[in-house]
Amino acid sequence: MLVGYSSSEEEEEEVEKEEEEEKEVEEAAAPKQSCSRKRREEEEEEENGGTARKKHKTERKAPETRLPLPGCLVEMFPEDVDSPPEDSALHGGRVRTFKHERGNWATYVYLPYHPEDEFAELLDELLSVAKARGVVLNPQEEFHLSLSQTVVLRHHWIQPFTQSLKAGLVHCRRFVCTAGRLKVYCNAERTRTFLGMEVCTGHAQLLHLVQAVDRTMTEFRLDTFYEDPSFHVSLAWCVGNMTGQMKECLQELQDVVDDHEEGPFVLRLDCEELRCRTGNKTFRFPLE
């Protein structure tokens, strides 16, 4: 009886031992299964979300792979490009009255004067007399009578600006003005001095033209002409403020004009066509 009882206890102990060993095996396998399950979940996330992450990465890099703008578009908006410094020595020492910028066009309105041979001879004599008195003058490259200040015009304003001028001049008639009195002028910046011939007849008609031009200037918020203008044709110029030196010999220069070969020289300007110079373009407006 005792033996049988002893055998039953041993069997129970063996069963319990086997159960404990199985439990230990299961517990040992549990972390591995957890890690394996976590790995499988991560792999599934990579498979399902990989495309989205790649897309997001591609979108983030998109700005770095933009195609460059075509050259024709870049040239249309060149304001950001720095302009090289201008050498005044290439222009006889002349200095710009305002900074040159791409897209900005120096613009002015004027009446052209076409000199005759007699005028050319007179000018040579005037330059010679001034040089003998210590003032070296440079003849104008072209001769005109200004009807506006020099203003800055943006390129896209050129067409509407000239159209406005044309409309404002539609009722202006052609006329003749004359000049014969020399006068010294200096620009506002005191960088250039001019010898000019002041108008003596046709002043009222010139004021009428200036009023038409000023209306266009006001429309584009640009500077209008001087309040009390001294209309003149510039003959020659020099660098700097040489007003004092030129006035010292002004009477002698005037004597050259008054004692010309066939009597006092009178500059005759046929005001038949008003012009507008903007950059390298010239627009013409015939008067009635």
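The count of salt bridges in this structure comes to 7, where a salt bridge is a side-chain nitrogen of Lys or Arg within 4 Å of a carboxyl oxygen of Asp or Glu. This is a predicted model, in which local features need pLDDT of at least 70 and side-chain atom pairs count only at pLDDT 80 or more, while totals for chains, interfaces and linings use all residues. Residues are numbered from 1 along each chain as its sequence is written, and side-chain values use heavy atoms, with hydrogens and water left out.

One of the salt bridges joins Arg173 and Glu288, whose closest N and O atoms are 3.9 Å apart. This pair links distant parts of the chain, 115 residues apart: Arg173 is in the loop between H4 and strand E5 (175-186), and Glu288 is in the segment after strand E10 (281-286). Helices (H or I, at least four residues) and strands (E, at least two) are DSSP runs, numbered from the N terminus. Arg173 has a relative accessible area of 60% and therefore counts as exposed, whereas Glu288, at 44%, is partly exposed. In these terms, buried means under 20% relative accessible area, exposed means over 50%, and partly exposed is in between (1.4 Å probe, protein chains only).

A salt bridge is also formed by the side chains of Arg181 and Asp258, at 4.0 Å from N to O. Here too distant parts of the chain are linked: Arg181 belongs to strand E5 and Asp258 to helix H7, 77 residues apart. Arg181 is partly exposed because its relative accessible area is 47%, and Asp258 is partly exposed at 27%. Asp270 and Arg268 form a salt bridge as well, with their closest N and O atoms 3.2 Å apart. With a relative accessibility of 38%, Asp270 is partly exposed.

The next topic is the aromatic rings. A pair of aromatic rings is described by the distance of the centres and the angle of the planes. Rings of Phe, Tyr and Trp (its six-membered ring) pair if their centres lie within 6.5 Å; planes under 30 degrees apart count as stacked, over 60 as edge-to-face and the rest as tilted. The count by this rule is 8 aromatic pairs. Among them is the edge-to-face pair of Phe119 and Phe143, with 5.0 Å from centre to centre and 80° between the planes. Phe119 is in helix H3 (residues 117-132) and Phe143 in strand E3 (residues 143-146), so this pair links distant parts of the chain, 24 residues apart. Phe119 is buried, at 2% relative accessibility, and Phe143 is buried at 12%.

Trp157 and Phe220 make a tilted pair, because their ring centres are 6.2 Å apart and their planes stand at 55°. The two are 63 residues apart: Trp157 is in the loop between strand E4 (151-154) and helix H4 (158-168), and Phe220 is in the loop between helix H5 (203-219) and strand E7 (232-239). Trp157 is partly exposed at 28%, while Phe220 is buried at 15%. One aromatic cluster is formed by Tyr113, Phe119, Phe143 and Phe265.

Backbone angles come last. Most residues other than glycine have a negative phi, and most peptide bonds are trans. Arg190, although not a glycine, has a positive phi of about 60°. Arg190 lies in the loop between E5 and strand E6 (192-201) and is partly exposed, with a relative accessible area of 49%. Arg221 is not a glycine either, and has a positive phi of about 55°. Its place is the loop between H5 and E7, and Arg221 is exposed, with a relative accessible area of 81%.
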